[in-house]
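Visitor: I would like to learn how to read a structure. Please show me one feature at a time.

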Amino acid sequence: MLVLCADNGVVAQGVTQSASNVTAVVTENLAMKRTSVCRMAAVANCKVVPVDMGVLNFPPTEGVLDRRIAN
């Protein structure tokens, strides 16, 4: 299962419940297999692949596929 991770412009407009750093934390947790999605995937015998598509200022991280389009 590919999980495409990225921030969007609504954070800058102030119309979202979470700041950009939450996206980075979720992406890291996906890489460490510490999310509910990872638990469900394990039961289904499915691999989870987090993909950084544009998480704000996200450094290269083991377990996260880097396919950044933009910050």
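Predicted model: local features only at pLDDT ≥ 70, side-chain atom pairs only at ≥ 80, totals over all residues.

Visitor: Which residues of H2 are buried?
Guide: Helices (H or I, at least four residues) and strands (E, at least two) are DSSP runs, numbered from the N terminus. Buried means under 20% relative accessible area, exposed over 50%, partly exposed in between (1.4 Å probe, protein chains only). An α-helix has 3.6 residues a turn, so residues three or four places apart point the same way. In H2, the buried residues are Ser20, Thr23, Ala24, Thr27, Asn29, Leu30 and Ala31.

Visitor: Where is Thr35?
Guide: Thr35 lies in the loop between H2 and H3. Thr35 is buried, at 15% relative accessible area. Contact means heavy atoms within 4.5 Å; apart from neighbours within four places in sequence, Thr35 is in contact with Val26, Asn29 and Leu30.

Visitor: How many disulfides does a search of the whole structure find?
Guide: A disulfide is a pair of cysteine sulfur atoms within 2.5 Å. The search finds zero. For Cys38, the nearest cysteine sulfur is that of Cys46, 9.8 Å away. Cys38 is buried, with a relative accessible area of 7%, whereas Cys46 is partly exposed at 32%.

Note on methods. Residues numbered from 1 in each chain as written. Heavy atoms only, no water.
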